[in-house]
Each structure stands twice: as C-alpha cells, then as structure tokens.
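Q: Can we go through this one together? I'd like to begin with the aromatic rings.

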Amino acid sequence: FFLERRLGLPFDAILVADVGRTDLHEYDVIVIPEASGLDDSGQEALASWVRNGGHLVAVGRGTSTAAEIAEIETRDDEVEADSAESIDRFLLGREARESLDWSEDVPGAILEATIDPAHPLAWGATPDGRDGRIFVLHQGTRVFEPAEGVESVAYFPEDLDATAGIISDENLSRLEQGAWLVTTGVGQGSVTLFADDPLFRVFWRETHPLYINALLLGGM
C-alpha cells in the first residue's frame, strides 16, 4: 500500500518460497518484511546478491536473516528458560501470569531515540527542529548491538523513558544503548535493519522518511 499509494513506486512481490530460484540480480533493493521464513537456499541467494552489490532492507521480525548475512548481533526478547522455571510459570495464577507477561513483553510504546542527523538515512526525518531526536513506535525488545563497522543511525539512549504506551522498567533498561536502525556494508552491497516496522499500519509517520531513504539511498 505504501509503495503503491503513497510513493507510486513500482516493485515486484516475490514469494518467500521462490527467492532461492529467482534471478535476484535484476533488483537493486530487496525488502524483507515483518515475517519471512526463508529457507537455506533463499538465504544463500540473498547473501550472494548482497555481496555482489545489492541493498537489503529488513524490518522487525524479518531482520533475523539479514542480521545473519551482515553479522550484526541482535539483542532480542527471546529468553531461554529451563524446565523447572517453565513449570513454575505454568502454575502461576492468572494475575501473576499477566503481571509477568507485562514485565517481559512490550506490546507497544512510543520511545525517543537519538538519531544521527548527518547520516543520509536520517535526511528529512526531523524537519520540525528536533535535531538529533526522533520518536519511534516500538514493540518487543528487539534492538541491535552497536559494533565496529556498523553505523547506528538511530539508537535508544541511556536513562530511557517511555513517552507513551506500556513498557516495564526492566525492558527500558534492556533497550538502553541498543540500536533501532543500523546499516553496514557487506561485500559490494549493504544491509539496513529496522528493529520495528517503520510503516506499522501506515499511521506512525515519524519513521516514514527513514524507510524511504533506506529504499532510495541505500546504505551509502
């Protein structure tokens, strides 16, 4: 909808099952959406395409494959629990389970992120004079670990607090100094990752410019 109705930008939709047997070299940019489920052949085809000059953009849960290709570490909300802890959890009452779920999950919160205004991906993202700050709609606790060779275009600062929405103090601490938007070079190409879908229901317009820049400018 966003590409067709808002941008008027032509694109091809490729089924996940067909990625491994599609000639990707005719494309400049490929987007992995919120959910992907690529098989091994599809992942290797994408990795080869990126190394040969392609620009890969991935959002939300679709970032797992792209992060592996770019060797970017994800700080995710998947926490392993042993069987004893699982049993204890299952035996909790409803109110206790709901309280625990709330402390572990982030159903949706508006958080302020620090942005690099000089980076091409950030051009036009803060037109109202909020130089170096942007508000993102965040779900879950997925962020990317800052690392050498990875540009953190937008990240959550220390002493993070919610502007609005539901999020526990534990999750705020977990997100601090985690990158929300990163980009890095891979071979002759590049990979750009968004921790959340910047087009969520096409109503949170604050992050639309970042997505447009990722498509049209690439990692630069």
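A: A definition to begin with: rings of Phe, Tyr and Trp (its six-membered ring) pair if their centres lie within 6.5 Å. This is a predicted model.

Q: How many aromatic pairs does the count come to by this rule?
A: The count is five aromatic pairs.

Q: Take phenylalanine 2 and tyrosine 211: why is the pair edge-to-face?
A: Planes over 60 degrees apart count as edge-to-face. The planes of phenylalanine 2 and tyrosine 211 are at 75 degrees, so the pair falls in that class, with ring centres 6.1 Å apart.

Q: Which parts of the chain does the pair link?
A: Distant ones: phenylalanine 2 is in helix 1 (residues 2–7) and tyrosine 211 is in helix 7, 209 residues apart.

Q: Is tyrosine 211 buried or exposed? And phenylalanine 2?
A: Tyrosine 211 is buried, with a relative accessible area of 7%. Phenylalanine 2 is buried too, with a relative accessible area of 7%.

Q: What about phenylalanine 200 and phenylalanine 203?
A: Their ring centres are 6.4 Å apart and the planes are at 65 degrees, so this pair is edge-to-face. Phenylalanine 200 counts as partly exposed at 23% relative accessibility, and phenylalanine 203 is partly exposed at 47%.

Q: Which residues do ring pairs link into a cluster?
A: Phe2, Trp180, Phe194 and Tyr211.

Q: Back to helix 7. Which of its residues are buried?
A: The helix covers residues 208–217, and the buried ones are His208, Leu210, Tyr211, Asn213, Ala214 and Leu215.

Q: What follows helix 7?
A: Glycine 218, with a positive phi near 70 degrees.

Q: Which residue other than glycine has a positive phi?
A: Glutamine 177 has one, near 60 degrees. Most residues other than glycine have a negative phi. Glutamine 177 is in the loop between helix 6 (169–175) and strand 9 (179–186), and counts as partly exposed at 45% relative accessibility.

Q: And valine 202, what is its phi?
A: Positive as well, near 55 degrees. Valine 202 sits in the loop between strand 10 (189–194) and helix 7. Buried means under 20% relative accessible area, and valine 202, at 18%, is buried.

Q: New topic: where does threonine 65 lie, and what does it touch?
A: Threonine 65 is in helix 3 (residues 63–70) and is buried, with a relative accessible area of 6%. Not counting residues up to four places away in sequence, threonine 65 touches Ile32, Ser36, Leu38 and Gln43.

Methods
Residues are numbered from 1 along each chain as its sequence is written. This is a predicted model: local features need pLDDT of at least 70, side-chain atom pairs count only at pLDDT 80 or more; totals for chains, interfaces and linings use all residues. Side-chain values use heavy atoms; hydrogens and water are left out. Buried means under 20% relative accessible area, exposed over 50%, partly exposed in between (1.4 Å probe, protein chains only). Helices (H or I, at least four residues) and strands (E, at least two) are DSSP runs, numbered from the N terminus. Rings of Phe, Tyr and Trp (its six-membered ring) pair if their centres lie within 6.5 Å; planes under 30 degrees apart count as stacked, over 60 as edge-to-face and the rest as tilted. Contact means heavy atoms within 4.5 Å.
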